[in-house]
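This report looks at one helix pair and a few ring contacts. The structure comes first.

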Amino acid sequence: MPGVVVVGAQWGDEGKGKVVDILTEHAQVVVRYGGGPNAGHTLVVDNEKIIVRLVPSGILRKGTSCVLAQGMVIDPKRLVDEMDELTKRGHGHVSDLVVSDHAHMILSYHRLVDGLREQGEGAIGTTKRGIGPCYEDKIARRGVPMSALRDPAVMRDLVGRALEAWKPTIAALGGKAPTVDEVVSEVEPLASRLAPMLRDTAAFVDEALRANKYILFEGAQGTLLDIDHGTYPFVTSSSAIAGGACTGAGVGPTRIKRVIGLVKAYCTRVGGGPFPTELTPPKPDADLGERLRKIGDEYGSVTGRPRRTGWLDLPALRYAARINGLDGIAITKLDVLTGLPKLRVCVAYRTPSGETSDLPVGELDRAEPIYRDCEPWSEHTGGARKMEDLPAAARKYVELIEQAAGCQAMIVSVGSRRDETILRTGVFD
């Protein structure tokens, strides 16, 4: 089967945009299967930096069908703005977009609730884009699917029912609920742009699979933010693991040929939640955490806020490899480690329950990492196009990551541009 899933193996921000963009050269369809505008995927082509939040990362490849599947939550205004920005910058392939009529709409009251919640003590560090409240509506069976764009009466009825359910919450949080007219007036002008793109994307993907087309399923966020398998409650509201491709895109697991896990050469995290290998004062090497942030440009592509940085967590990688069933990995930002005076990886943990080489998901906030020192390197890596071009210490570091993941690094990124990449084998082979 030609379906390949690209999934984040950490806390998100692993570089999925670049990897999907590269692999789309060999794919006819790219399917974004979960999440919403809380996930910014960064592409750098000819030194031009492009950030997509809803549109799949394959949009820069002309002739590639890009699918926003039913597992997503979509802010109609942000989608239209993103389409217009891409066209303005000369990437006018938005006609290749296919949008699920079953995906749910993020509306103004979702963003309002998200923002109000993040002002209180229970804030978990969301992007305030309305993702969680929209998924809440979906699960509560009061959501507004994209299909409502086809019928104004249906839209008003669904919005009215959802608003009635949210009014007590909004009032309790100190906010003022919008009216149905205010909500609908924001979306109705966009219907003429978006309605023609709507279709049953599960059937579209099935047709492509039957035609033996190469399909990339693009994940959002990362394994450790998954609603079921992440560091709950500091997680996203969707299925961020490889299995989410099946439910979010509407394909059976037998249609997936390979799963590729994205691994940053160090770890980052955005928002709240446990992060034992984080390098912050008064921890030793806190200055190296700031150095990783600056060199790696570790600032949220959606919010702009600084990402938390730390050493690579091998127990977390082994956990992600097991949860996702990884067949291969793509290592990103290896170049950021060049010139560090010290290099470490977490290999195990001490917890209240004892020492373990597994990821202690339930005790991570009380876990103490056990480190292994690695040999640093100072040689420039940006020009490497095959493994032999890398410094010996960098090759050993890659091998250490491969051992933890239990599979080969099929891609090693040594810079932000497309060409700054080592491709070891064909993902679709």
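Axes are lines fitted to C-alpha atoms, for helices over the stretch in contact, and angles run from 0 to 180 degrees between N-to-C directions. Helices (H or I, at least four residues) and strands (E, at least two) are DSSP runs, numbered from the N terminus.

This is a predicted model: local features need pLDDT of at least 70, side-chain atom pairs count only at pLDDT 80 or more, and totals for chains, interfaces and linings use all residues. Residues are numbered from 1 along each chain as its sequence is written, and side-chain values use heavy atoms, without hydrogens and water.

**Helix pair.** Helix H11 (residues 314-324) packs against helix H12 (residues 392-405) at about 45°, with the axes 8 Å apart. That makes H11 oblique to H12 (under 35 degrees is roughly parallel, over 145 roughly antiparallel, 65 to 115 roughly perpendicular, the rest oblique). Contact means heavy atoms within 4.5 Å. Leu 314, Leu 317, Arg 318 and Ala 321 of H11 meet Leu 400, Ile 401, Ala 404 and Ala 405 of H12.

**Rings.** Rings of Phe, Tyr and Trp (its six-membered ring) pair if their centres lie within 6.5 Å; planes under 30 degrees apart are stacked, over 60 edge-to-face, the rest tilted. The count is two aromatic pairs. In one, the rings of Trp 11 and Phe 275 have centres 5.1 Å apart and planes at 55°, so the pair is tilted. Buried means under 20% relative accessible area, exposed over 50%, partly exposed in between (1.4 Å probe, protein chains only).

| Residue | Relative accessible area | Class |
|---|---|---|
| Trp 11 | 2% | buried |
| Phe 275 | 4% | buried |
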